[in-house]
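Please look through the sequence and the model before reading the points.

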Amino acid sequence: MIPLSHYLILGGIIFSLGVFGALTRRNAIAILMSIELMLNGVNLNFIAFARYLPQTMLQGQVFAIFVITVAAAEAVVGLAIVLGLYRNFKTVNVDEINLMKW
Amino acid sequence: MTLKLGIFYFLAAFTVWAAAVVVLGKNIVRAAVALIFGFCGMAALYVLLDAEFLAAVQVLIYVGGITILLLFAIMLTSRIGATTARVVNDQVILSAMAAVGLLVGLIYASTSGIPAMSGPPRLPETTPFLGRALLTTYALPFEAVSVLLLAAMVGAIILARKE
Amino acid sequence: MDRPIPIGTTVVMERTGETMEEMYVNMGPQHPSTHGVLRLMLKLDGEYIIDCIPYIGYLHRCHEKIGENRNYTQIIPYTDRLDYLASMSMNFGYVLAVERLMGQKIPERAEYMRVILAELQRIASHLIWLGTFGLDLGNFTIFMYCFREREMILDLFESVTGQRLNYSFYRIGGMPMDFPETFLTDCQVFLTWFKPRLPEYDAIMTDNILFQKRVQGVGISPPQVAVDYGLSGPMLRACGIKWDLRRNDPYSIYDRFEFDIPVFDTCDVWARYMVRRKEMEESVKIVEQALAQLPPGEVMAKMPKTIKPPAGQIYSRAESPRGEIGFYIISDGSPKPYRYKVRSPAYVNLSALPEMLKGCLVADCVAVLGSVDIVLGEVDR
Amino acid sequence: MPKCLSARLPWFEEMTPEEILGQLKQKIGDAITQSEVKGIEVRLTVKPEQSWEVCRLVRDIGFEYLNCISGADWMTHLEVVYDLSSLQHLNKVHLRVPVDRDNSVVRTVTDIWRGANWHERECYDLFGVRFDGHPDLRRILLPEDWVGYPLRKDYTDERLVPYTEYGMEEKLAKAEGEKAAPKDAKSLQPPAPAKPATA
Amino acid sequence: MMTFASLVERFYAAMAAWGIPWIVPTLIVMVIVVSVVLAYISVAAMFMIWWERKISAHIQVRYGPMRVGGWHGWAQSIADGIKLLLKEDLIPAGADKVVFVLAPMVVFGATVAAYVTIPWAPGLIVRDLNIGILYMVSISSLVVVGIIMAGWSSNNKYATLGALRSAAQAVSYEVPLVLSLLGPVMIAGTMSMGKLVEAQSGRWFGVLPGWFVFPQIVAFLIYFTCALAECNRLPFDIPEAESELVAGFHVEYSGMRFAMFFLAEYANMFVVSAIATTVFLGGWHGPWIPLPGLPREVAHGLFGLVWFQVKCYFLIFVMMWLRWTLARLRVDQLMAFAWKVLLPISFANLIVTGLVLVLGKQALLYVGGIAILLLAAILLAARPAARTVRVGERT
């Protein structure tokens, strides 16, 4: 059987890659992608727990569904903001967007 | 049992490689394509964990919805065909250290104190159970999420609309 | 107007800093729906057209310079190549201009022959237009139906003139030969076959809700704009202005037939479609009446060996399927015209295209261009 | 659908070409050098300076439909010819504006009839008549880098093979008993026209 | 008809008896199954291409392919296939090579992956997943991602516009498609294709065959419209509208890659009509008689197979028939139609089905009230679309 810890390690790796991406990427859309990765890492852990801890009555999977919906909503609003940024600053490069008012 | 482990390692490697391309990829479109393959790898992992409903939902919503939205945004914002010279900003070393530190903490937490349990041989069909759970025990979060989605839709339309 | 930037691949776009908000797309010169070598430079905002600059001249053959070096009879084959989809009407307009200049009377039978052939040519030209218009909007079947009918007309023309596209059959002073015996019966057969086909076209195109949604309210040209640009033919009759040279400035023997002029007043692609669609029925009526009243007699008036019209100038106009075809001829008594100018309807109708395209989508641009019904041979001369 | 624009003058329908000519002469008589009525057509020759005013007046009088603007080369001078008509009646106006060959400039009429835009561009393209005030005066039929104005009578181009009518010229000359000047080698000079009829 | 499944068990037992580890037989079965499915797809696609040309020819009063291969040019599409194989396979300069090469594979792979849960005959199904219908819908949304990758990577303005349009069209039509499929799933109570078909075996009021199309006629129509948009068939074939965008996203493809796109389109058409047949038209149900030589189950299986193909190819015929008679919709009309008309109606259908299932008889008065309310809402929503906003109104 695949021990639970393998899944948790994999979830951790993907989560930390997402954190690294979110902190270092210059393109706003790439940051959104990294955030999606972080949420996916978390999802993996939830589903692993639901599979290995039968007493939790699949709460992990229910929570994973909620994470997916929230991720979708967050991606939509994030992209709308990026479009607004782009229309005013003509760039999506996060470093160049440092004015509070455009 | 080694077959399942073999499949797991292959899928894990594939997903981590895709995530790495997303994070470090030069061309933003290549990053989006890698993201798609990353999500498909995750869906395969969910099937390994007997969560096939979630695998299908993951493919349908993440790949069929969010990635198309991302590609849409990329086409609308970047000059077509432009590849950004510098991908990472100057605080790369600091954030790399923070990420590695986080990773070490997570690995320690996930290996120590968890007995090598194996859990039931095979979960029964999860979809009906999920459906019943969502509408009975988790009815309140279910309604809250629907309100959240509505708010997100309205907000996005207002933000993205051209004045 | 800043100098239009030559564009092609997206690499150029990168240099010029174009984004999806403001992009130049080049439709033509070889593009499936520009009906010939016309290049439309479209300035797009996403899917909406901000501005359109037509570039013509790819098919310019200095028709007028050649005209000045040919005598009057040698020009007839050149007029065929103007609007090659309706060459009978071009010959008719030119020959009419020269006869008016000379004040030449032609025999009755020749007049009737001219009207019959011109109206059959109008039906054939509208059939091609309907086929390619349907093709532009995605309906492939109508193209096949229209070409089936057009083949029958071309066979008729082949039996009369021996040619299928460029006939150069009209002569100054009448017609060179009479109809073959079989022509009258064949023509009758065609008319009886063609009349029930028109409701069939309606079933596929006119009553098709998808087609209606694509054409209604698109490519608006209000009457003031139409008159100001000097549009003519179906473009004018689609704006509620009842102006058809066959009725309002009657030439040849058109005043002997009764037929009505279809007029629609919604000024959009739908109105132009319906005008041409109804005109086919009218042309059938004219041909039937002309066949019935066809008088016997010879077909060619007595003409001098070399035609030398008296010195003078004339601007004569006739009704071609695309609009008012005008010939401005200055003659100085020599067998060659001193100055020979062709006023082509498609040239003028095309100049109003940018006006109609403002605010349309790329898909509308194709529909509007189809409804303007241009033929590049006539536009570029 | 409302009658067309020119319905401004109610009494207009019954006007005969002579009355129209009278109207024009009375309003702007000095600009008209020659005038004549031929059937339903009023023919005018107008001084280039006042050509715009005359066009303006002709338009107001009721000719709102511009059929065509064409150029003509009379060897001594160029000429811009306006053909106007109306959608209400059958009267026509044939306006000729002589322009000298070298700096041929005429004021544009695109602000009166927008349809004149492409006609004027073609006239510029083939005759070299510049229309000042034209929004976008570029060559329309010929490529941008074309040199010279082809429809002028004195346009020479090495690629232009002079058209010699096969045997027609000699036959004609013999038929009229050598009245015409003996033709030397088919030089490029165009045959001098008999007498350009400007009546 | 358990013969197919029992066959596989007997094969496993024999292998195990010889002491071969269980991994080998599963691999062999997997290889056989995949090759059978791929063979079926290519043969079916070839047939459909030829069939479409014959149908369009018949509609347009002409003959269609007649020469290649004798009777009615049956080998025409094979000849086309070979021609495409021999054609040069060029990658445009400046194209994003990796994504350019990957795109046709993603499109074809996704389409083939959807064949896993198609119930060909009673018991004859590659893998009866218990999320069958949801799996097929989500896999076919991968096709759209492939199209965007193709359009984007070929460095050509027309292809990019085509890719943008297909993305917008896919997002608009996936929602009503999934909702319209929920109706029958609610009635059957399961998402697995095999069980869905079994649930349609009874009779409605004794006379009508128990298919779901009768109670769910509205859902069927919505599904069929969305299916047309899903596989980019006219009147929704905007991504590769010849007259405007030359050839849409696959303008830069040639040779084998173009053949992949072409086959994927027809294979996708079959997938979509297979889902419709399974969910609405009662899969392999149909009158059958026991054949003399064979046991009852085998005969039932064969008839089931035939009935399934008949229904699928009838739906494909309707798709082809529509292609050659209707005109093409504009992008904004298409969007408005999806969001303002199809979506509200599919929601209404969902609510009504739920009420009828739960309340049974008293549902009628509830349904009546809600129907009136919804009709008012739809009529309000589907008011004739206001004229597209003009940039600077003219006189």
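The structure is a predicted model. Chain B is built of six helices and zero strands, while chain C holds an open sheet of three strands.

**Contact between chains A and B**

- On the chain A side 68 residues take part in the contact, and on the chain B side 81 residues do.
- The size of an interface is often expressed as the accessible area that is lost when the parts come together.
- For chain A and chain B, the buried area is about 6,900 Å², and 78% of it lies on carbon and sulfur atoms.
- Within chain A, the residues that lose the most area to chain B are Arg25(A), Met33(A) and Arg51(A), which together make up 11% of what that side buries.
- The count of salt bridges between chain A and chain B is one.
- Arg51(A) forms a salt bridge with Asp50(B), with the closest N and O atoms 3.0 Å apart.

- Chain B and chain D have no contact, and their closest C-alpha atoms are 31 Å apart.
- Chain A and chain E do not touch either, with 13 Å between their nearest C-alpha atoms.

**Chain B in outline**

- From the N terminus on, the elements of chain B follow the pattern α-α-α-α-α-α.
- The domain assignment divides chain B into domain 1, residues 1-79, and domain 2, residues 124-163.
- The centres of domain 1 and domain 2 of chain B, taken over C-alpha atoms, are 22 Å apart.
- Chain B has 163 residues, of which 40% count as buried.
- Of the contacts in chain B with a separation of 6 or more, 59% are between residues 24 or more positions apart.

**The sheet of chain C and its helix**

- Strands of a sheet pair through backbone hydrogen bonds, and the pairing is either parallel or antiparallel.
- In chain C the strand order is β1-β2-β3, with antiparallel pairing.
- Strands β1 (23-27) and β3 (48-55) of chain C each have a single partner strand, so one side of each has no neighbour in the sheet.
- From one strand to the next, the twist averages 25 degrees.
- Strand β2 of chain C, residues 39-45, is joined to β3(C) by seven bridges, and the two run antiparallel.
- Leu40(C) has Pro54(C) as its bridge partner in β3(C).
- Helix α16 of chain C, residues 362-372, lies across β1, β2 and β3 of chain C and runs at about 150 degrees to β2(C).

- Arg114(C) sits in helix α5 of chain C, which spans residues 108-136.
- Is Arg114(C) buried or exposed? Arg114(C) is buried, because its relative accessible area is 0%.
- Leaving out residues up to four places away in sequence, Arg114(C) touches several residues, including Phe92(C), Glu99(C), Tyr170(C), Arg171(C) and Met175(C).
- Ser138(E) belongs to helix α5 of chain E, residues 132-153.
- Ser138(E) is buried, because its relative accessible area is 2%.
- Which residues does Ser138(E) touch, not counting residues up to four places away in sequence? They are Ala56(B), Val59(B) and Leu60(B).

Definitions and conventions
Residues are numbered from 1 along each chain as its sequence is written. Chains are lettered from A and ligands numbered from 1 in the order in which they are written. This is a predicted model: local features need pLDDT of at least 70, side-chain atom pairs count only at pLDDT 80 or more; totals for chains, interfaces and linings use all residues. Side-chain values use heavy atoms; hydrogens and water are left out. Two strands pair if DSSP finds at least two bridges between them. Helices (H or I, at least four residues) and strands (E, at least two) are DSSP runs, numbered from the N terminus. Axes are lines fitted to C-alpha atoms, for helices over the stretch in contact, and angles run from 0 to 180 degrees between N-to-C directions. Contact means heavy atoms within 4.5 Å. Buried means under 20% relative accessible area, exposed over 50%, partly exposed in between (1.4 Å probe, protein chains only). Domain bounds come from an automatic or database domain assignment. Buried area is the accessible area (1.4 Å probe) that two parts lose on being put together, summed over both. A salt bridge is a side-chain nitrogen of Lys or Arg within 4 Å of a carboxyl oxygen of Asp or Glu.
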